[in-house]
Amino acid sequence: MNLSAYIAVLSGSGQASTASLAATFIPLILIIVFFYFFIIRPQKKQDKKDAQMRDNLEIGDEVVTNGGIVGIVFQIKEDTVVIETGGDRSKIRVKKWAIAKNETVHDGDN
């Protein structure tokens, strides 16, 4: 086989491998885009909303923790919240990240 025929064979197989390489990576790229728009992005948006809710806690708000404890905010510190629970008015200190829901409706809330 001469040199020009060898180059033609290599260039032809190079195009085929480029097409097969693109066909291999297109589904992978589509999966990554799907995960970003339908899983990662909405989760980040929800995390931001939850952090804003925790930052806007006020004394007297009724909250629910991730463990299901319902109580009224008694004291707020930098990274902890003291909540008052039950009829005996017992107090529990929890981390702010453990507050799952604020059930008190404020004037600015929708």
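Read along the sequence, the pattern is α-β-β-β-β-β, with helices (H or I, at least four residues) and strands (E, at least two) taken as DSSP runs numbered from the N terminus. This is a predicted model, where local features need pLDDT of at least 70, side-chain atom pairs count only at pLDDT 80 or more, and totals for chains, interfaces and linings use all residues. Residues are numbered from 1 along each chain as its sequence is written, and side-chain values use heavy atoms, leaving out hydrogens and water.

**Exercise 1.** Work out which strands pair with S1.

*Solution.* Pairing calls for at least two DSSP bridges between two strands.
- Step 1: S1 (residues 62-65) runs antiparallel to S2 (residues 70-76), with three bridges.
- Step 2: S1 also pairs with S5 (residues 99-102), again antiparallel over three bridges.
- Step 3: Zoom in on Val-63: its bridge partner in S2 is Gly-71, and in S5 it stands opposite Asn-102.
- Step 4: Check the S1-S2 hairpin, with four residues between the strands: Gly-68 has a positive phi near 95 degrees.

**Exercise 2.** Find the residues of the largest nonpolar core.

*Solution.* 
- Step 1: Pick buried (under 20% relative accessible area, 1.4 Å probe, protein chains only) residues; they make up 18% of the 110 in the chain.
- Step 2: Keep Ala, Val, Leu, Ile, Met, Phe, Trp, Tyr and Cys, joined through side-chain atoms within 4.5 Å.
- Step 3: The largest such set has eight residues: Met-53, Leu-57, Val-63, Val-73, Val-81, Ile-83, Val-94 and Ile-99.
- Step 4: Look at contacts (heavy atoms within 4.5 Å): skipping residues up to four places away in sequence, Met-53 touches Ile-99, Ala-100, Lys-101 and Asn-102.

Definitions and conventions: Buried < 20%, exposed > 50% of the residue type's maximum accessible area, 1.4 Å probe, protein only.
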